[in-house]
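Please keep the sequence and the model in view while reading.

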Amino acid sequence: MTQDLFKKLAQAVIELNNAQAVTLAEQALQMGLEPIDVLEQGLAEGLRQIGQEFEAGERFIPELILAAEAMEAAVQVLEPEIARRGQARRVSGRVVIGTMQGDIHSIGKNIVAMMLRASGFEVFDL
């Protein structure tokens, strides 16, 4: 049952479906699942797959952005529970990222930051 829910969460991100991602994140919390597991094994897996498809030329930047937004919408559901439980995500490393204010490259920076977060990095966006 849990693995099925993780697959559905990943699929919601792959399908760029914010509402479904949020609904499934809420369902996962109601089932008593660890929010960190929901994030890493469900949502982040979907974003990783989108990233791989982008690298292969099968997806485009707007889809990366929409997938990141779907993941972020569900993360907003999970974050309060993560904080309440005093949990922390396993951090692969820390990255500081930024652009000049108003720079058009901020779109790319935001995509890179979201992909780094999905890969387990703690990102400090200046």
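A nonpolar core is a set of buried Ala, Val, Leu, Ile, Met, Phe, Trp, Tyr and Cys residues joined through side-chain atoms within 4.5 Å. Here, buried means under 20% relative accessible area. With these terms in hand, the structure can be described; it should be kept in mind that this is a predicted model.

The protein chain contains five helices and two strands. Read from the N terminus on, these elements follow the order α-α-α-α-β-α-β. The radius of gyration of the protein chain is 14 Å, close to the 14 Å that the globule rule gives for 126 residues, so the chain is as compact as a globular protein of that length. Its C-alpha trace spans about 45 × 35 × 25 Å along the principal axes. Among contacts between residues at least 6 apart in sequence, 76% join residues at least 24 apart.

The next topic is the division between interior and surface. Of the 126 residues in the protein chain, 37% are buried. The chain exposes about 7200 Å², and carbon and sulfur atoms supply 54% of this area. As for charge, there are 11 positive and 18 negative side chains, and the centres of the two sets lie 5 Å apart.

In soluble globular proteins, nonpolar side chains tend to be buried together. Which residues of the largest nonpolar core touch the most other members? They are Leu 9, Val 38, Leu 43, Leu 47, Met 71 and Leu 78, in a core of 30 residues. At least two core residues come from each of helix H1 (2–14), helix H2 (18–30), helix H3 (35–55), helix H4 (61–84) and helix H5 (106–118). Helix H4 gives the most to this core, with nine residues.

Beyond residues up to four places away in sequence, Ala 28 touches Leu 5, Leu 33 and Val 38. The C-alpha atoms of Ala 28 and Leu 64, which are 36 residues apart along the chain, are separated by 24 Å. Thr 23 is also found in helix H2. Is Thr 23 buried or partly exposed? Thr 23 counts as partly exposed because its relative accessibility is 43%. Between the C-alpha atoms of Thr 23 and Glu 72, 49 residues apart along the chain, the separation is 13 Å.

Helix H5 contains Ile 111. At 14% relative accessibility, Ile 111 counts as buried. Apart from residues up to four places away in sequence, Ile 111 touches Ile 61, Leu 64 and Ile 65. Its C-alpha atom is separated by 12 Å from that of Asp 125, 14 residues apart along the chain.

Where is Leu 16 placed? Leu 16 lies in the loop between H1 and H2. Although Leu 16 is not a glycine, it has a positive phi of about 65°. With 24% relative accessibility, Leu 16 counts as partly exposed.

How values were computed
Residues are numbered from 1 along each chain as its sequence is written. This is a predicted model: local features need pLDDT of at least 70, side-chain atom pairs count only at pLDDT 80 or more; totals for chains, interfaces and linings use all residues. Side-chain values use heavy atoms; hydrogens and water are left out. Helices (H or I, at least four residues) and strands (E, at least two) are DSSP runs, numbered from the N terminus. The radius of gyration is taken over C-alpha atoms; the globule rule is 2.2 Å times the number of residues to the power 0.38. Buried means under 20% relative accessible area, exposed over 50%, partly exposed in between (1.4 Å probe, protein chains only). Contact means heavy atoms within 4.5 Å. Accessible areas come from the Shrake-Rupley method with a 1.4 Å probe; for residues, only the protein chains shown count as cover. Lys and Arg count as positive and Asp and Glu as negative; His and the chain ends are not counted. The place of a charge is taken as NZ of Lys, CZ of Arg, CG of Asp or CD of Glu.
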